[in-house]
Amino acid sequence: MNIFPDDFLWGGAISAHQAEGAFLENGKGISIADGLRNGMRGVYDVEPLDGIYYPFHEAVDFFHRYEEDLDLMQGMNFKAFRTSISWTRIYPSGIEEKPNEAGLVFYDNLIKAIKRRGMEPIITISHYETPKYLAIDKGGWENRELIDLFVKFCKTIFERYGVDVKYWMTFNEINNVRRLPRSAGAVFEKDKNRLKQAIYQASHNMFVANALTVKLARDLIPEAKIGTMLSLSNVYPNTCNPKDVFETMQLRRSSLFYSDVMIRGCYPTYMNRFFEENNVKLSIESNDLELIKRYTNDYLAFSYYRSTTHRFGSPFVGDTGGDQGTPNPYLETTAWGWQIDPIGLRFTLNELYDRYQVPLLIAENGLGQEDFISDDGKIHDTNRIEYVREHIRAIEEALKDGVKIFGYTYWGPLDIVSAGTGEMRKRYGFIYVDKDNEGKGTLKRIKKDSYDWFGKVIASNGKDLD
Ligand code: BG6
């Protein structure tokens, strides 16, 4: 018996800023990603400087090469393709009255090209791409003004693409406002003493924007499914010491808080104590909680890359891969320090379905590693095949456990710029892109061994994993 539903959405996921390039082309404005020299934690220049290499400015030139790239995705039998709509292509600084038509035309063509190849477009509305003007001049998501500006952006794209796009998600990894406030929440607060205040006020404003977006979609595109998206790589207690166990639950809650609000529709009571002890005083307007309660998301999408362990008293830190604590001696670790744990994916799927009972989408999962062209001209990425195979087996087990999962979009089916580090060297793709960390290379696309393998997995609807 094949456990994967017939309409299971097998495919891949990218984001606009990590793939498109075409910096400022066709009227695009500057987004916060455009000032990053080496990823989210690296140097940020408010105004990109001459003579400095900014990896997202050209990225892998998907903007000009998407037809070729989508042909390659089709060659792997993709049923779905997830990408984001760059806010600054549509509203260059975020506040314009009218959208930028040239930007809209680009996504008209891209979405049609995805559909023409029989793939379901899955659109992330905001993937670490807030317009720089809103982030810096307006103060980011801590400022309530962003709510209406975001909803205006959503209205524009719902009206334009609503006929073709059924699956949307509002914010990529919204819980990363806590871990990576600059990129996820456009929070550039410098005063450490008020950082938590800024983070949680920004989060609240994003919750309201999320609810209003769901409301808008119900009115304009009632057939659409509006998801929310979280970074939910797993975390285990480091030992069975109750202190480790309890604090690990608290660490997990600091992420699940986001889906608790957006899927369950209210602030969980455990946050009251956290807010009190951290002197966070949210400014909540009279209608906000009602909106949050009424307009919850249709599905929960999440990224899962790895797991880690937590030890009592360790700080709650993380990166693009999720929480990062004490290494787990039972797991292998990638060159970037990410520990590979397929069972953790089964665990997470069960955890989320137990908690929410809404359909789940594995929106990101993948292996970032250095890949090499061998003497035979091929790229033998056996580790990647092994990684994906074991994660698909874990999904299969979770489906048998009764979890409702409607898709798996592998992260970075073609090599793109790493969000965390700005590198090209950290590659996820089934398709190699000839470009290095300094931006040199022909941008030529080369299929890796994993390319045919993944195509075969999809063709057999997950049966043939050999
Ligand atoms: C997720 C992001 O956090 O992880 C992606 O949604 C990102 O944008 C991915 O690329 C992998 O992280 P990295 O740092 O290896 O690119």
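## Basis of the model

This is a predicted model in which local features need pLDDT of at least 70 and side-chain atom pairs count only at pLDDT 80 or more, while totals for chains, interfaces and linings use all residues. Residues are numbered from 1 along each chain as its sequence is written, and side-chain values use heavy atoms, with hydrogens and water left out.

Helices (H or I, at least four residues) and strands (E, at least two) are DSSP runs, numbered from the N terminus.

## The barrel

A barrel is closed by 8 strands in the order E1-E2-E3-E4-E5-E7-E11-E12, with parallel pairing; two strands pair if DSSP finds at least two bridges between them. From one strand to the next, the twist averages 25°. Strand E7 (residues 299-303) and strand E11 (residues 360-364) run parallel and are joined by 4 bridges, and Phe302 has Ile362 in E11 as its bridge partner. H11 packs on the sheet, where it touches E5 and E7, and its direction makes about 165° with that of E5.

Strand E4 (residues 167-171) is mostly covered, with 5 of its 5 residues buried (under 20% relative accessible area; exposed is over 50% and partly exposed lies in between, with a 1.4 Å probe and protein chains only). E4 is joined to strand E3 (residues 120-126) by 4 bridges, and the two run parallel; Thr124 has Met169 in E4 as its bridge partner. Strand E5 (residues 225-231) also runs parallel to E4, joined by 3 bridges, and Lys225 in E5 stands opposite Tyr167.

## Helix H11 and its helical neighbours

Helix H10 (residues 195-220) packs with helix H11 (residues 242-264) at an angle of about 30°, their axes 10 Å apart. H10 is therefore roughly parallel to H11. Axes are lines fitted to C-alpha atoms, for helices over the stretch in contact, and angles run from 0 to 180 degrees between N-to-C directions. The H10 and H11 crossing is right-handed (the near helix is turned clockwise from the far one by less than a right angle; left-handed if anticlockwise). On H10 the contact is made by Ile199, Tyr200, Ser203, Phe207 and Asn210, and on H11 by Phe257, Tyr258, Val261 and Met262; contact means heavy atoms within 4.5 Å. This contact has 7 nonpolar, 2 polar and no charged residues. Ala, Val, Leu, Ile, Met, Phe, Trp, Tyr, Cys and Pro count as nonpolar, Asp, Glu, Lys and Arg as charged, and the others, Gly among them, as polar.

The axes of H11 and helix H12 (residues 270-277) cross at roughly 120° and come within 11 Å, and the crossing is left-handed. Arg253, Leu256, Phe257 and Asp260 of H11 meet Tyr270, Met271 and Phe275 of H12. By class, this contact has 5 nonpolar, no polar and 2 charged residues.

Leu291 belongs to helix H13 (residues 288-294) and is buried, at a relative accessible area of 11%. Apart from neighbours within four places in sequence, Leu291 is in contact with Val208, Ala211, Leu212 and Lys215. Phe207 and Leu291 are 84 residues apart in sequence, and their C-alpha atoms are 9.2 Å apart in space.

Helix H16 (residues 449-459) lies across strand E1 (9-13) and strand E12 (405-411), running at about 150° to E1.

Conventions
Angles under 35 degrees count as roughly parallel, over 145 as roughly antiparallel, 65 to 115 as roughly perpendicular and the rest as oblique.
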